[in-house]
Amino acid sequence: MNKKHYLTKEGLEKFKKELDSLLEIRKEKMKEKVPEVLHSEDLNPEYLDFREIVQLIEKRIFKLEEVLRDVEIVKTPKDKKIVQIGAKIHIEADNQADVFFIVDSIEANPSEGKISGESLVGKKLLGKKEGDLVSVSSKIATVYKIVKIEY
Amino acid sequence: MSEIFKFISQIGELKKNGRRGWQIHNIDNPETTAAHSFQVAMLVLTIGEEKKDFDVSRAIKMALIHDISEVYAPDLTPYDAAALDENEEITEEYLKNIEPVIGRPNTNQRIKMQTIKKELEHKAMEKLMTNLSDNLKKEIIDLWKEYENMITPESRFVKQADKIINLLQGMEYWKNGCSSIQYKLWVRRAKESIDDEHLVKFLKNIELSL
């Protein structure tokens, strides 16, 4: 069974744009003249290249359609005081303030502050409230203070 | 063939480029960009084979090309992001004059850095691909864009593999006496960034080795 994904509106737009772009590329590719299969007695390298590109496009379209088939846009929860997917959280850790957006794994991008709900830290933050101290324990423990939660 | 010869000769520069993050820590004979890319590709190869429904060979190609823009683009680090003035417009010119800060950038600084970095790397990729055939240029640029876009499972995995190898190298330098590497901060950042189940286990191994 496919996993359900919870995307932000922005995340969903990004996936849809990618799918649209691939569908357009497929359409253009289908207009091209398919190279001959055989070049004398051997498989034509141009045909193999063409086939590889088409297969790659089809595979990516298939995967994207699979994701988009079972996607829900993250909604503002009834309880806005708890960290859930879609939350913007202000934290303090090791005397430093920062802001995270907790997102589905397929939308995660730590360089943009989008932390996956399935990362070690993301998992610990989910379900917590403003004011909570969240310890991510292991050999090197870090304590995150949740200063504010926004949706 | 002469176009491929030129391209491969240019790529060879990455065997000489010591990664800038290590230079900021004053590490002698720092790991090069080429060495880093090799190790990322090997991690992708070994763990990639265990993953279901995963195009290992595409991921390996991505790992091999993920930093080639550094032939022409600056090797910008989180330390450069940490030095950014959030109220300034970040341009190529502005970046030439900042002094990196050994510390952790906040999200706003990261986002600003990502924007300019993508722009500079895209320009560099176009310059690097100038002499290649249209098909080869398209293949490499597509791989690079896929890696940057992080939409496919392969690209997300390679992005995380890149961070893991960076952490692994950083911890080796720290264990060998580079005390300016804030190892706890590095491990913390990895725990925020890694969610692939295989790489989380690998991360735990790194932590246990410290």
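The model is predicted. In it, 36 residues of chain A are in contact with 36 residues of chain B. About 3,100 Å² is buried between the two chains.

**The interface**
- Carbon and sulfur atoms give 51% of the area buried between chain A and chain B.
- Five salt bridges are found across this interface.
- A:Asp98 and B:Arg104 form a salt bridge, with their closest N and O atoms 3.2 Å apart.
- Between chain A and chain B, 18 residue pairs are in polar contact, both residues being at pLDDT 80 or more.

**The side of chain A that touches chain B**
- Elements of chain A that give two or more residues here are α1 (9-31), α2 (45-69), β6 (96-103), β7 (114-116), α3 (120-125) and β9 (142-150).
- α2(A) gives the most, with six residues.
- By class, this side of chain A has 16 nonpolar, nine polar and eleven charged residues.

**Helix α8 of chain B**
- Helix α8 of chain B has 16 residues, 134-149.
- At 1.5 Å a residue it should span 22 Å, and its end C-alpha atoms are 22 Å apart, so the two values agree.
- Buried residues in α8(B) are B:Ile140, B:Ile141, B:Leu143, B:Trp144, B:Glu146, B:Tyr147 and B:Glu148.
- Within chain B, these buried residues pack against α1 (2-11), α4 (56-65), α7 (107-128) and α9 (153-175).
- They also pack against α2 of chain A.
- B:Met150 follows α8(B) and has a positive phi, near 60°.

How values were computed: Residues numbered from 1 in each chain as written. Chains lettered and ligands numbered in written order. Predicted model: local features only at pLDDT ≥ 70, side-chain atom pairs only at ≥ 80, totals over all residues. Heavy atoms only, no water. Contact = heavy atoms within 4.5 Å. Buried area = accessible area lost by both parts, 1.4 Å probe. Salt bridge = Lys/Arg side-chain N within 4 Å of Asp/Glu carboxyl O. Polar contact = N/O pair within 3.5 Å; in protein donor to acceptor, adjacent residues only side chain to side chain. Helix = DSSP H or I, 4+ residues; strand = E, 2+ residues; numbered from the N terminus. Nonpolar A, V, L, I, M, F, W, Y, C, P; charged D, E, K, R; others polar. Expected span 1.5 Å × (residues − 1). Buried < 20%, exposed > 50% of the residue type's maximum accessible area, 1.4 Å probe, protein only.
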